[in-house]
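Here is a walk through the structure, from one residue out to the whole chain. Keep the sequence at hand.

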Amino acid sequence: MTRSQIEYDDTQGLVRFGFGALTEACYVLARVRSVAAARSWLHLAPVTSAVELDQAPATALQVAFTAPGLAALGVAPSVIAGFSHEFVSGMTEPSRSRRLGDVGSDAPAQWEWGTSTTVPHLVVMFFAKAQRLEGLMKDLMGSGWNEAFDELQRLHTGDLEGHEPFGFRDGISQPEIDWEQSYEPLGPHVTYGNRVALGEFLLGYRNEYGKYTDRPLIDADAASEGLPSAEDAPNKKDVGRNGTYFVLRQLRQDVRGFWQFIVNQAGGNFAQAEMIGAAMVGRGANGDPLAAIQAEKIAGIEQEPEVIARNQFTFDADALGVRCPIGAHIRRTNPRNTDYVGRPDALKRLIAMLGFGQNGLRDDLTSSVRFHRILRRGREYGPGLSPQDALAPAPPGEAERGLHFACLNANISRQFEFLQNAWTMNSKFSALTGENDPVVGNRQAITGCPVTGRFTIPASGRLRRRMSGLPPFVTVRGGAYFFLPGLRALRYFTGAMR
Amino acid sequence: MTPQSSFMVLGAIDRGREAELRRLLASMNDAPGQVDAGNAFRDFENLHFARLLIIEDTTREDIEAYGLPPRSYPTYLAFLGDVDGDGDEFLEDAARRASKGLREIFACCEGFIESTDLVAWMKAHRTPSAADYVNWRGRTVRSARENAALYERLQRYIDDNAGALADLPPQAAHATLQQFVQAEQSAGRLALTPENPTPFGWTIANLLHLIGVPLVLLLASPLLLIIGAVFLVRLRSLEKSDLELCQRVEQSHSDALALIEDHDVTNQFSALGGVKPGVVRLWTLSFVLLIIDYAARHLYTRGRLARVRTIHFARWVWLDNRRRVIFLSNYDGSLESYMDDFINKVGFGLNVVFGNGMGYPRTNWLLIDGCKDERKFKEYLRRHQLPTQVWYKAYPGLTAVDLERNARIREGIESRAMSEAEAREWIAKL
């Protein structure tokens, strides 16, 4: 496929850009008040596409819908049923909450939004350059908004200049989308690559298995005429094409608790506390990884000095986690492994496939990462607080701070949920036990294991060091699964095609 | 070494008493599908996993889709488990110690009346596995529990004495920990029971099996090669035309299954399917299961089923005169990660077995494709999955990898001397 055929004009911009230059943003969670008014507002809404303009835009607008939201807009149940099980049943289905670790103080019953009557129908995301957000929202919400929607929440965002609230550089590592569909996903892969099939991030395209993910395919009729045809079923219209799932979770971060805990662990020595923090994250506050940068290029990692210094690494040479602990946040969220361990040739792959290749405790334990990548689009909220200031007790009535975690993926259960369940919240990740993610873990007991708040720091040729009693530093405040439609699908939803 | 074995008692449920049985089984749980903590299973020190499962006939739709004459199968109750030692002995023991409960359950089965001899009935209703997989041959419930206690005790000791231990070189660290464990044992705070001797009869039988199966196959190989070639041609044409039945499952079905999942780090899995029609498929599947059983018995006895390290126990059982097969397993992690492991690591193995099941996604040369169609495969599995009514695990919170790590740590504790390299590797597990 040539570049000109990439359907940027039918794709919402958030898939391609993080809108980083638009430093102000507000996500409005709303429910449909009047179907007709909602459709007409959405029809007129200037939703930003992924086309790259000569001049960067000063504002952007994106919209995404939950399954109840699509129903509220009058989308037929048979169409909604074509989306994935997890999208249809929603983030707060009880067994899902267990898998995501949304239990105890993170349980949906404790959330500010996203549960029972506070499930949003849609999220409207406003982005703007500094000082422009208020004007943008006023303009766009001026006509018809109040008739169309009941607002549930406005999720305000801040700009900590590329850092998340704990103070670490964020958003460094992202998969590179293979927009051109030039890369061959079908395995076996023996080296880690950062380029990922388009179908992992957009519905209607081939994914890492060379297959298509669940989405509604419908018969062509007057209403669906303007929709694209399905690649894999040309006589069907593809409601999902150029759309994707948008996972939004509001995560409150206890910045004071985080720094006070690790400074205490470091016996009050701030420099040492920073080292502990780096071990927990897997990168220093400035974003430099603890793992060694390799000379060999990695597909999908740009050859810019700054990118190389932060991203041209895997954990292959550090199997024991001596440089970067096995349980460090970035090692859990992206283990940077591939289909086989140790770059085997065809014969060794066969031996490995039959189970006779690797015999070490941790060998070949972690699933190949290319099936579990997400595009992160989160933004922080609340006032910034430096690590030093975080050591002081909180003033009364202090504002909450945290992250509006957001990610895009075409298969929620295999990507976001897997990552959350098998890697970050899993106290058994990679033969560890009794510890979940040192930064975002919920520390909730699981059956048979009362403790999940350890953090193990392996040492070279010595017994490991370990921190115990890590409290939760992050609390879930709300969340939902949305569908971020392609622009033609959006017109279909709003009935403009009828 | 105490070998493990599996048992499964299968009885047809008296239709009029199914509702009563379901209520009875539900009353054994404290969370959906999870047997309550004070359950009677806990009393059996040699029982790893157990489940009570109602096997409803969910294969009718597939049979119709394949254009076969409709058959009506009974709804079965299966009581199955994995034990240290002999299955029959376990059933005798169970009948002795839990007679009342078992009688109450089996009374809902056809032909079980007040005067029925429980042991004889259970033995008569035992249904053997076509293939059995055990994660770690010889690992008993007792050793799993003792090793876990050893691990936790060592963890606490290392944490409490971090200052003194942190700078010890590997061999010195090993020796220190060894001394600590010996002291704990002497003080009666830790028990590390030595293995029982391997039953002589089992050793002989296993050896005969090890040699016998390949020998028979070798002797029969001229014939097998001819049959194999004919079969391959036939299978190649069948696999191009066999019906795929991978439509989306009802949301309510997948939600009902999810309700009983992810309460522990380990989950149960039960799936029932019809064997594709024809003698070629039947014989192929029989042969494949024979090979799997052989491999599981002699090759995959130390924590790995090919590349998969998350399965504690698994089995395939023929039902209804080899018209249907039920697959039963206990695995770590969520179903999603289990299925991903299947697809990415043992796709070939899945295809060659389940490819003979009605509706499986299309294979290519029996080993290729099939489950690689992720979406279809996941729907196929979910579609054939049955909810388990009551499930028991002897070591809550422990994964197969936990058990392996703990066993390796114990091996280190019990080995007299270690080289520098061995000690380095050993302390990295702590």
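Val288(B) sits in helix α12 of chain B, residues 279–298. Helices are DSSP runs of H or I, at least four residues, and strands are runs of E, at least two, both numbered from the N terminus. Val288(B) is buried, at 11% relative accessible area. Buried means under 20%, exposed over 50%, and partly exposed in between, with a 1.4 Å probe and protein chains only. Leu386(B) is 98 residues from Val288(B) in sequence, and their C-alpha atoms are 24 Å apart.

This is a predicted model: local features need pLDDT of at least 70, side-chain atom pairs count only at pLDDT 80 or more, and totals for chains, interfaces and linings use all residues. Residues are numbered from 1 along each chain as its sequence is written, chains are lettered from A and ligands numbered from 1 in the order written, and side-chain values use heavy atoms, without hydrogens or water.

Now turn to two loops of chain A. Glu161(A) lies in the loop between β4 (149–156) and β5 (176–178). Its phi is near 50°, a positive value in a residue other than glycine. Asn242(A) is not a glycine either, and has a positive phi of about 65°. Asn242(A) is in the loop between β8 (236–238) and β9 (244–253). Which of the two is buried and which exposed? Glu161(A) is exposed, with a relative accessible area of 61%. Asn242(A) is buried, at 2%.

Next, the whole of chain A. The chain has 15 helices and 15 strands. Its radius of gyration is 23 Å, close to the 23 Å that the globule rule gives for 498 residues, so chain A is as compact as a globular protein of that length. The radius is taken over C-alpha atoms, and the rule is 2.2 Å times the number of residues to the power 0.38. Buried residues make up 59% of the 498. Among contacts between residues at least 6 apart in sequence, 72% join residues at least 24 apart.

Last comes the interface. Chain A brings 57 residues to the contact and chain B brings 60. His85(A), Leu361(A) and Leu463(A) supply 17% of the area that chain A buries against chain B, more than any other three residues. Together the two chains bury about 4700 Å², 48% of it on carbon and sulfur atoms. Buried area is the accessible area (1.4 Å probe) that two parts lose on being put together, summed over both.

Key
Contact = heavy atoms within 4.5 Å.
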